[in-house]
Amino acid sequence: MASSNNMTELIFTGLFQDPGVQRVCFVVFLFVYLATMGGNGLIVLTVSISKSLHSPMYFFLSFLSLVEISYSSTIVPKFIADLLTKIKTMSLEGCVAQIFFFHFLGVTETLLLVVMAYDRYVAICKPLHYTTIMSHQLCCVLVSGSWLGGFLHSIIQIFIIIQLPFCGPNVIDHYFCDLQPLLKLACTDTFVEGVIVFANSGLFSVFSFVLVSSYIFILVHLRNHSAQGRRKALSTCASHIMVVTLFFGPVIFLYMRPSCTFTEDKLVAVFYMVITPMLNPIIYTLRNAEVKNAIWRLWGRKENSEM
């Protein structure tokens with residue numbers, strides 16, 4: 001961090017000010033967080049153990065669930081604990097670390113969704129070449145590239161922050177550390193840094209366009225399929241499209257417009273940080289017969305063996 005810093009601790013205003021509302025939110029969000037851990041953990045474990053879920057789609061799905069677990073855990077536990085405290089604080093170094101992991105895992109999830117869209121495009125538009133194109137080696141490269149892309153994105157963001165001097169005030173009008181609220185605390189002009197952050201975060205819009213374009217190609221290509229083939233393909237893609245919409249909608253709303261902190265922004269952030277990671281395993285299991293059957297076979301068999 002810049003040597004001229006005289007600010008070592010940050011204070012968050014939080015999501016709500018009313019203690020009664022905060023206690024209700026504590027119970028609700030704790031349940032949601034535990035459901036997120038349980039649902040995504042179940043998918044990771046089922047895909048790892050089940051012999052019927054070894055296709056690339058489920059390989060990517062297990063890593064997406066792993067990222068969801070990590071992504072939620074960077075912010076949600078601290079956010080939940082702060083709901084029971086009057087003064088919500090964090091060290092400046094802890095804030096920077098939270099931003100690093102938040103953006104690292106967020107962009108990794110973005111890239112994994114792009115990879116999953118490409119996987120569906122190959123499966124539906126080039127079915128005869130699917131196993132050749134989506135080899136295990138390529139799948140590993142795509143997953144590794146997603147993690148690397150998230151890491152490089154986050155390094156750029158952090159490099160911008162550590163060059164800035166922070167001299168107060170030390171109050172952040174939010175309930176977690178993010179780039180734009182933190183830039184407001186710098187005691188220097190941050191216009192250039194703000195533009196760089198905006199451009200770097202603008203990659204979200206590019207990748208969302210890639211995702212949408214991929215599914216448009218799939219939908220156009222489905223015109224040449226039989227009615228049964230169209231239904232099967234649409235059933236598979238529907239889960240991905242729902243997850244993409246739930247993820248990119250709030251992200252584009254927050255990062256592709258001028259910086260400002262409203263109550264609406266905080267609520268939207270709650271949706272994509274707390275709610276969406278819980279919904280993803282529900283969407284993928286309820287709309288995917290193979291995953292549901294694998295879960296029932298695997299865990300139902302274990303229960304029977306214990307009786």
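The model is predicted. Helices H2 and H5 pack with their axes 10 Å apart, strands S1 and S2 run antiparallel, and Pro 250 is found in helix H9.

**Helices H2 and H5**
- Two packed helices are described by the angle between their axes and the distance between the axes.
- Here H2 (residues 56-82) and H5 (residues 136-162) pack at an angle of about 20 degrees, with 10 Å between their axes.
- Because angles under 35 degrees count as roughly parallel, H2 is roughly parallel to H5.
- The crossing of H2 past H5 is right-handed.
- On the H2 side, the contact is made by Pro 56, Phe 59, Phe 60, Phe 63 and Val 67. They meet His 136, Cys 139, Cys 140, Leu 142, Val 143 and Trp 147 in H5.
- Sorted by type, the residues of this contact are 10 nonpolar, 1 polar and no charged.

**Strands S1 and S2**
- S1 (residues 9-12) and S2 are joined by 4 bridges.
- Leu 10 has Met 90 in S2 as its bridge partner.
- In a regular strand the side chains alternate between the two faces of the sheet.

**Pro 250 in H9**
- Helix H9 covers residues 227-255 and includes Pro 250.
- Pro 250 counts as buried because its relative accessibility is 11%, and buried means under 20%.
- Leaving out residues up to four places away in sequence, Pro 250 touches Thr 245, Val 268, Phe 271 and Tyr 272.
- Thr 276 is 26 residues from Pro 250 in sequence, and their C-alpha atoms are 10.0 Å apart in space.

Conventions:
Residues are numbered from 1 along each chain as its sequence is written. This is a predicted model: local features need pLDDT of at least 70, side-chain atom pairs count only at pLDDT 80 or more; totals for chains, interfaces and linings use all residues. Side-chain values use heavy atoms; hydrogens and water are left out. Axes are lines fitted to C-alpha atoms, for helices over the stretch in contact, and angles run from 0 to 180 degrees between N-to-C directions. Helices (H or I, at least four residues) and strands (E, at least two) are DSSP runs, numbered from the N terminus. Angles under 35 degrees count as roughly parallel, over 145 as roughly antiparallel, 65 to 115 as roughly perpendicular and the rest as oblique. A crossing is left-handed if the near helix is turned anticlockwise from the far one by less than a right angle, and right-handed if clockwise. Contact means heavy atoms within 4.5 Å. Ala, Val, Leu, Ile, Met, Phe, Trp, Tyr, Cys and Pro count as nonpolar, Asp, Glu, Lys and Arg as charged, and the others, Gly among them, as polar. Two strands pair if DSSP finds at least two bridges between them. Buried means under 20% relative accessible area, exposed over 50%, partly exposed in between (1.4 Å probe, protein chains only).
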